[in-house]
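Me: I've got a model open and I'd like to learn how to read it. Can you take me through it feature by feature?

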Number of protein chains: 2
Amino acid sequence: MNTTTSKIRSFNRFYTAHLDILSQHYLDSEYSLTEIRILYEISESKTITAQKITEILNLDKGYLSRILKRFLKENLIERVASEDDKRAFDIKLTDSGTELLSVLNAKSENKIEGKIEKLNSSEKEILVDSMNTVRNLLTENKIAREDITYRHEITPGDIGYIIHLHGAIYGKEYNFSTDFEKYVIKTFYDFLEKYSPENDRIWMAEYNNKIVGCVAIVHQPNEEAQLRWFLLDSAFRGLGIGKRLLTEAVDFCKEKKFKNVFLLTTNMQDKALRMYKMMGFELTKSEEVEEWGKTFFEERYDLRL
Amino acid sequence: MNTTTSKIRSFNRFYTAHLDILSQHYLDSEYSLTEIRILYEISESKTITAQKITEILNLDKGYLSRILKRFLKENLIERVASEDDKRAFDIKLTDSGTELLSVLNAKSENKIEGKIEKLNSSEKEILVDSMNTVRNLLTENKIAREDITYRHEITPGDIGYIIHLHGAIYGKEYNFSTDFEKYVIKTFYDFLEKYSPENDRIWMAEYNNKIVGCVAIVHQPNEEAQLRWFLLDSAFRGLGIGKRLLTEAVDFCKEKKFKNVFLLTTNMQDKALRMYKMMGFELTKSEEVEEWGKTFFEERYDLRL
DNA sequence: AAAACTAGTTGACAAAAGCAACTAAATTTA
DNA sequence: TAAATTTAGTTGCTTTTGTCAACTAGTTTT
């Protein structure tokens, strides 16, 4: 028996009970969960047709029709004949409908408050993060480009996390030993020692407040710069994050008037190599080495600006 | 408006839709979700009374009574008058009831399989871990001591994550600047340079495969050892994790026959200080310093073994 | 312009759930 | 220990919730 599946089922049972949505009256109001969901859909889309609601909530149109009739009578909704389809109506909430919904929302929030009141703020953070993770993993479209944020100020914990990503990702994908992480630690220490906010920069791509990708530009003598630590969590590839990071990095180099940017990489990083080439980087050196428990080619790429 | 609450509400709406529990027929069977939940409860507790079921599932006893009557007629359950209460019956599933439930379980698992088939194994792991976290946090008992695991082999990504924790926690709790993280990076680099598996060790406490606490013993000249990097994520304090880590560390020192263990800390770490003293450490030096954007006392504690 | 389709309404009905009165046994109380 | 109260389960009656199919009137396809 598949344990992942059974663990998920167990969670589903737990959450069904937790949601407490199987009782008829939603939050002791005189409305059922279905009715509230209808009102909620109306409020969400500002204006909507009955047809659309049946699609979203999977309701019988006859059933819905009667519920809407009652809502009209109770002045919770109002509707006007649709412009482009004279059979249909555009439905929206009246003020008292909005009011009702907000009262119920407040009630629902109170109930949730009660359930999390014993958690401290970091536990709440963990809870929300975990919920987001569950949701993202269970959603078809997985991660949306818009959910990724970018920044370049270094805050406490960032560098450590980037080191962690390097160790974890290279360990998993290329079987690099912990020696590689040690090497990364060294490079970051040197970077921080010589760090010049004016001529160095590190960009981070974040998802759910967690770094999932990064790249940095480190100034070098003779108007050169080195591009370093270009990395993307495997779950976040193919979203244009890498391209965005590299573009920011190269733009920064142009802005700072560096004459040449170079980077050191290995022949194993096929995906990163493709992106470097796309940005105009060209192979200038290649040398076979044995390190971190593997044999590979260490390569240098250059981009003249 | 409290964002934690609204994020949870959003997740609840998502999960309600995801669970798909609002349709009448459970998994296209001729049974409703309520009926299946009843069967499930009966199967879980091997033998149960109707009263108990109404309590667990919050059902009307008249309603339940009729459902059970039907189950009896359909030979899904059987019941015998209870020994200790002649009004009540002990209910249990018949073979065909068990059979029905297992068919439905298989269906349910198939459905879940379908929803997670696109996830790779590490994503599945993350999913289950996150569900466990959600569940633990929403359950009274919060995080249980048994959910914490301990290990001391360094795997790729560990050191980076520990550096991250240092930066993030000290940044948040004591407002230390990123310079502190840089200092931690340096200490870890030195540690890895001189690392001797024989005389050094680092312990990690994990929750859901994520490091939440650590401590290390680093050998020093003259049969001394230094205790370093003792740290605990604030959400995981008060669970005995710190004590366990320190005990492991001191036991290791005894086993390795170090004559003295010392540690350097600051007067700000009140909680850690209490634990050090509890383990027998004594203050041997105290000096005012100004570092990482703060003024404080740097203190040395020693424990003779 | 006819045929096929769609948005919404309505009647008839079935299933799900709740409420209250009842029986019979168990427990509490005086 | 007998009367009063409570409890497990049943049954009749009712409301709520949801389904199905037939219908109107407007829309789209052919």
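Predicted model: local features only at pLDDT ≥ 70, side-chain atom pairs only at ≥ 80, totals over all residues.

Me: How is chain A divided into domains?

Reply: The domain assignment gives domain 1 (3-117) and domain 2 (147-304) for chain A. Taken over C-alpha atoms, the centres of those two domains of chain A are 48 Å apart.

Me: Now the DNA. How many residues surround DNA strand C, and which are the closest?

Reply: There are 25 of them, and the closest are A:Ala50, A:Gln51, A:Gly62, A:Ala88 and B:Gly62. Helix H3 (50-57) and helix H4 (61-73) of chain A, along with helix H4 (61-73) of chain B, each give two or more residues to this surface. H4(A) gives the most, with 6 residues. By class, the surface near DNA strand C has 6 nonpolar, 10 polar and 9 charged residues.

Me: And what surrounds DNA strand D?

Reply: Here you'll find 23 residues, with A:Ser32, A:Gly62, A:Tyr63, B:Gly62 and B:Ala88 the closest. H4 of chain A, plus helix H3 (50-57) and H4 of chain B, each supply at least two residues of that surface. The top contributor near DNA strand D is H4(B), with 6 residues. The classes come out as 5 nonpolar, 9 polar and 9 charged.

Me: Let's go inside. Which residues have the most contacts inside the largest nonpolar core?

Reply: The general idea is that in soluble globular proteins, nonpolar side chains tend to be buried together. In this model the largest nonpolar core has 89 residues, and those with the most contacts inside it are A:Cys214, A:Val215, A:Ala249, B:Cys214, B:Val215 and B:Ala249. Leaving out residues up to four places away in sequence, B:Ala249 touches B:Trp203, B:Val215, B:Ile217 and B:Leu227. Apart from that core lies another, of 19 residues, including A:Ile126, B:Ile8, B:Val128 and B:Val134.

Me: How do I judge a single residue? Is A:Phe71 buried or exposed?

Reply: Count the C-beta atoms around it; 20 or more within 10 Å makes a residue buried. A:Phe71 has 23 others within 10 Å, so it is buried. You'll find A:Phe71 in helix H4 of chain A. Beyond residues up to four places away in sequence, A:Phe71 touches A:Leu76 and A:Ile77.

Me: Is A:Glu181 buried or exposed?

Reply: A:Glu181 is buried, because 28 other C-beta atoms lie within 10 Å. It's in helix H8 (residues 178-194) of chain A. Setting aside neighbours within four places in sequence, A:Glu181 is in contact with A:Ile163, A:His166, A:Gly167, B:Pro156, B:Gly157, B:Ile159 and B:Gly160.

Me: What about B:Lys115, and where does it lie?

Reply: B:Lys115 lies in helix H5 of chain B. It counts as partly exposed, because it has 16 other C-beta atoms within 10 Å. The C-alpha atoms of B:Lys115 and B:His18 are separated by 9.8 Å, though the two are 97 residues apart along the chain.

Me: Last one, backbone angles. Which phi does A:Lys46 have?

Reply: In general, most residues other than glycine have a negative phi. A:Lys46 is not a glycine, yet its phi is positive, about 65 degrees. A:Lys46 sits in the loop between helix H2 (33-44) and H3 of chain A, and with 10 C-beta neighbours inside 10 Å it counts as exposed. B:Asn209 also has a positive phi of about 65 degrees. B:Asn209 is in the loop between strand E4 (201-207) and strand E5 (210-220) of chain B, and it is exposed, with 11 other C-beta atoms within 10 Å.

Note on methods:
Residues numbered from 1 in each chain as written. Chains lettered and ligands numbered in written order. Near = placed C-beta within 6 Å. Helix = DSSP H or I, 4+ residues; strand = E, 2+ residues; numbered from the N terminus. Nonpolar A, V, L, I, M, F, W, Y, C, P; charged D, E, K, R; others polar. Core = buried A, V, L, I, M, F, W, Y, C linked by C-beta atoms within 7 Å. Buried ≥ 20, exposed ≤ 12 C-beta atoms within 10 Å, placed from the backbone. Contact = placed C-beta atoms within 7 Å. Domains from an automatic or database assignment.
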